[in-house]
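Please open the model in your viewer and keep the sequence panel beside it.

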Amino acid sequence: MLKWRTPMVVHWLSLIVVLWSGLVMGTTTGQAKTSKANQVKAAYIMDAKSGQAVYAQNADEALPIASLSKLMTLYLVEEAIDHGQIKWTDIVPIQSNVQKMATSSTLSTMPMPKKTKFTVRELLAATLVGSSNSSAIALGEYVAGSNPKFIAKMNAQANQWGINAHFVSASGLDNTDLTTYDLNLKGTSATAQNLVSAKAITTVAQHLVNKYPSVLKVSNQRSVKIHGYKVPTSVLVLKGESYYDARVPVDGLKTGYTDQAGGCLVATFTLHGRRMIATTLGSKWKFTANNNLRLQLKQQGRYQQVAPTTIQYDVPGTQTTLRLVAQGHTNAWTYTDQTVTTTKQVVIKVLKSRPNYLAARTPVMQLKLTNASAGTTTTITYVTPTATVIGGPMQLATKPIVKQSLSLNAAFAFAN
């Protein structure tokens with residue numbers, strides 16, 4: 001089998017780290033219970049460009065997310081524009097039941113008088129900045145032709161991305177409110193609501209800001225004026241708002257709240273030149289936990305190289321040396337004072353009876369790094385950069401996997 005030419009020591013931090021033990025609720029950490037200000041049902045922080053998870057707490061459980069649901073609605077609206085199906089300047093028809101919802105003192109953030117005409121651009125701004133429920137529903141109906149068809153598109157997109165999400169509403173309202181306006185999805189229960197995991201809605205936000213970055217210019221506004229009506233932002237962590245924290249400034253993105261969901265926030269920000277997305281679901285206090293998570297990352301997180309881009313292997317029984325390259329990112333966010341277990345595993349089946357042909361980009365070895373305290377495993381795969389042939393007798397790669405606990409404070413070194 002393939003062997004390391006020299007021993008390897010890795011300086012690594014799990015891709016998912018416990019940034020602040022006090023924020024890890026529902027786990028057996030043996031630590032004191034935190035204040036209500038920092039309690040959340042789930043949380044997730046992602047590097048938007050690489051997709052690396054930097055923090056995860058109960059991140060895979062589907063939970064109510066209230067108006068964070070509008071991020072999927074906005075993505076599908078942007079996609080429809082991108083594909084030429086609709087235009088920014090199109091006038092959007094507003095159905096009577098949607099207009100009626102816009103008159104609600106509890107469900108509406110912007111009036112929609114019958115004679116007033118609204119463009120796609122105006123409704124998108126009202127949806128993103130002011131979290132207008134009626135605007136989100138009207139946009140969905142315009143994109144897909146009906147409310148049920150648009151919700152089907154939301155679920156189809158979630159399935160395409162492979163995320164844990166189930167939608168019954170374009171706005172994030174649940175059926176206890178939607179039924180009043182005949183906007184409940186037929187076949188769903190009287191209390192049905194959108195159920196989406198923290199990881200999933202962060203992934204939706206990642207696709208939205210990566211593919212359509214102009215949404216950040218819209219979301220980073222304290223208000224928008226539409227037909228003379230001022231629609232204030234719901235994202236009260238923006239600069240100038242009451243929960244703004246200058247130490248970790250936010251430039252968007254979306255809030256949500258219902259009695260069932262609690263306080264929900266997806267916040268976009270930059271750190272060390274990287275676009276980041278921080279999500280908290282079910283907060284007792286709407287914004288404090290998210291602010292504190294971002295601050296903890298700023299204080300203790302670093303983005304740096306954690307694995308080599310190339311590795312050389314000697315093939316036992318031959319004079320062949322394989323030069324392998326890492327497939328994907330070798331830079332990642334790291335965190336101090338964590339211990340990981342490394343597992344080196346050969347993933348190619350080496351034949352002993354005849355020469356072995358390896359095509360370009362053939363996976364040969366995987367380096368798996370596990371943080372037991374965070375319950376995460378990250379895999380870096382090393383592949384052949386070009387096609388090659390290994391000749392001569394050799395044995396099957398059957399050596400048991402070797403595990404080794406490493407100090408994260410150790411430096412890493414690899415064979416040249």
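## The whole chain

Begin with everything shown as a cartoon: the protein has 9 helices and 21 strands, where helices (H or I, at least four residues) and strands (E, at least two) are DSSP runs, numbered from the N terminus. The model is a predicted one, so local features need pLDDT of at least 70 and side-chain atom pairs count only at pLDDT 80 or more, while totals for chains, interfaces and linings use all residues. Residues are numbered from 1 along each chain as its sequence is written, and side-chain values use heavy atoms, with hydrogens and water left out.

Colour by burial next, and 55% of the 416 residues of the protein count as buried; buried means under 20% relative accessible area, exposed over 50%, and partly exposed in between, with a 1.4 Å probe and protein chains only. Among contacts (heavy atoms within 4.5 Å) between residues at least 6 apart in sequence, 69% join residues at least 24 apart.

## Stop one: the annotated residues

Select Ser67, Lys70 and Ser131, which the UniProt annotation "active site", from an unreviewed entry, covers. They are spread over 65 residues of sequence, yet they cluster in space, with a largest C-alpha distance of 7.8 Å. UniProt positions are given in the numbering used here, feature names are shortened, and annotations may be inferred rather than shown by experiment.

Zoom in on lysine 70, which sits in helix H1 (residues 70-82). Is lysine 70 buried or exposed? Lysine 70 counts as buried because its relative accessibility is 0%. Leaving aside its neighbours within four places in sequence, lysine 70 is in contact with residues including Ser131, Asn133, Ser171 and Lys254.

Now move to serine 131, in the loop between helix H3 (120-130) and helix H4 (133-144). Serine 131 is buried, with a relative accessible area of 10%. Although serine 131 is not a glycine, it has a positive phi of about 60°, and its place is just after H3.

Lysine 254 is found in strand S9 (residues 253-258), and at 0% relative accessibility lysine 254 also counts as buried. Not counting residues up to four places away in sequence, lysine 254 touches, among others, Ser67, Lys70, Ser131 and Ser234.

Which polar contacts can you draw here? A polar contact is a pair of N or O atoms within 3.5 Å; within protein, one must be able to donate a hydrogen and the other to accept it, and residues adjacent in sequence count only if both atoms are side-chain atoms. One joins the side chains of serine 131 and lysine 70 at 3.3 Å, and another joins the side chains of lysine 254 and serine 131 at 2.7 Å.

## Stop two: helix H3 and what covers it

Select H3, which is mostly covered, since 9 of its 11 residues are buried. Among the buried residues of H3 are Val120, Leu123, Leu124 and Gly130. To see what covers them, show H1, H4, helix H8 (215-219), strand S7 (223-226), strand S8 (229-232) and S9, which are included in that cover.

Return to the loop between strand S4 (63-64) and H1, where alanine 66 lies. Alanine 66 is buried, with a relative accessible area of 3%, and its phi is near 50°, a positive value in a residue other than glycine.

Then select serine 169, in the loop between strand S5 (165-166) and helix H6 (175-178). Serine 169 counts as buried, at 2% relative accessibility, and its side chain reaches the backbone oxygen of leucine 173 at 3.1 Å. Not counting residues up to four places away in sequence, serine 169 touches Ser69, Ile151, Met154, Leu178 and Asn194.

## Last stop: helix H7

Finish with helix H7 (residues 198-211), whose end C-alpha atoms are 20 Å apart, in agreement with the 20 Å that its 14 residues should span; the expected span is 1.5 Å times one less than the number of residues. How many residues of H7 are buried? The count is 10 of the 14, so H7 is largely enclosed by the rest of the structure. Ile201, Val204, Leu208 and Val209 are among its buried residues.
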